[in-house]
Amino acid sequence: MKKQNSSPYTIQSISELHRLLGIPQPEHPLVSLINLSDLRETCGAMLGSFVYSFYSICIKKDFQGKLKYGQNYYDFDDGVMTFFSPGQVISTDASAEISLSGWWLIFHPDFIRNYPLSKKIKEYGFFSYAVNEALHLSEKEEAVLENIKNNIAQEYTSAIDSFSQDVIVSHMEVLLTYANRFYNRQFITRKNTHHDLLVKLEEVLNEYFQSGLGPETGLPTVQYVSEKLNLSPNYLSDMLRSLTGQSTQQHIQNKLIEKAKETLSTTSLSVSEIAYGLGFEYPQSFSKLFKSKTNVSPLEFRHSFN
């Protein structure tokens, strides 16, 4: 499948990605570890613009294509390692000759939802749109990450038991801690001045929900976001649709659901308390939106983590 029109195609699940790539289904529905050399015959399926609904950590070697991240091209000149968050737009140049090797670790946010990593991962700057160049690794650094990846692979391909998820998540935490060290080594002397529209939108919504404005001012509105970005509401939505295929309102709702999932899985607050904290006037409105986005009620989602 080649996706070459202007509107990004959203890949909802890891199983769907495996189907598109023509590879066997993942060992676990919420996590997968893919050998990129296995995709040489089918990597053309991923040409075009896509929005992944999961986290992506990848080491790409011999990459000859062009990758666009948000609104800017991703620089692979000296780097091999990339990090992408759910909901971000990734575009691969359809005219490029793609040749790759390496590995690709992908996992759904729900896989780590009940772990401290669910909150910690949002602190890693290398998952942000503001970063648009791959991480360069020395041979020694790459060997460190390769060993951690092998530990994940060994657990991933073993028979699943009650400890499997704990072990995989613990290895992920170690992997990201090392990546953070290497990231800071590469970029510590640089001051990031890149702020495109998607970066600013991310910052506005994160700031709103972290400040706890919901009970006082209600849900963030398109008008509020557009004013913060110094754009008209219509122009902002048109720009976002052209970049991501989603309106400003849909971006706001996605951030709401992300925050709701985090609160449901890490606190004992009632559904009504959560709804009020997010800015909903009526809990029923929150429950209706949550179910429309996730296909489960807030309580059903919480029970899945107990």
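Mentor: Start with N295, which is exposed, with a relative accessible area of 65%; exposed means over 50% relative accessible area, buried under 20%, and partly exposed in between, with a 1.4 Å probe and protein chains only. This is a predicted model, where local features need pLDDT of at least 70, side-chain atom pairs count only at pLDDT 80 or more, and totals for chains, interfaces and linings use all residues. Residues are numbered from 1 along each chain as its sequence is written, and side-chain values use heavy atoms, with hydrogens and water left out.

Trainee: Where is N295?
Mentor: N295 lies in the loop between helix 11 (283-294) and helix 12 (298-303). Helices (H or I, at least four residues) and strands (E, at least two) are DSSP runs numbered from the N terminus.

Trainee: And what is phi of N295?
Mentor: Phi of N295 is near 70 degrees, a positive value in a residue other than glycine. Most residues other than glycine have a negative phi. N230 also has a positive phi, about 60 degrees, and is not a glycine. N230 sits in the loop between helix 7 (222-228) and helix 8.

Trainee: Is N230 buried or exposed?
Mentor: N230 is exposed, at a relative accessible area of 68%.

Trainee: Changing topic, how many helices and strands are in the chain?
Mentor: The chain has twelve helices and nine strands. Buried residues make up 50% of its 306 residues.

Trainee: Which residues touch the most other members of the largest nonpolar core?
Mentor: I57, L105, F107 and M172 do, in a core of 33 residues. A nonpolar core is a set of buried Ala, Val, Leu, Ile, Met, Phe, Trp, Tyr and Cys residues joined through side-chain atoms within 4.5 Å. Helix 4 gives the largest share of this core, eight residues. A second, separate core has 27 residues, including L229, I257, V271 and L278.

Trainee: What is the angle between helix 5 and helix 8?
Mentor: Helix 5 (residues 197-210) and helix 8 (residues 233-244) pack at about 115 degrees, with their axes 11 Å apart. Axes are lines fitted to C-alpha atoms, for helices over the stretch in contact, and angles run from 0 to 180 degrees between N-to-C directions. The two helices are therefore roughly perpendicular to each other, a label for angles of 65 to 115 degrees.

Trainee: Which residues of helix 5 meet helix 8?
Mentor: L197, L198 and L201 in helix 5 meet L236, M239, L240, L243 and T244 in helix 8.

Note on methods:
Angles under 35 degrees count as roughly parallel, over 145 as roughly antiparallel, 65 to 115 as roughly perpendicular and the rest as oblique. Contact means heavy atoms within 4.5 Å.
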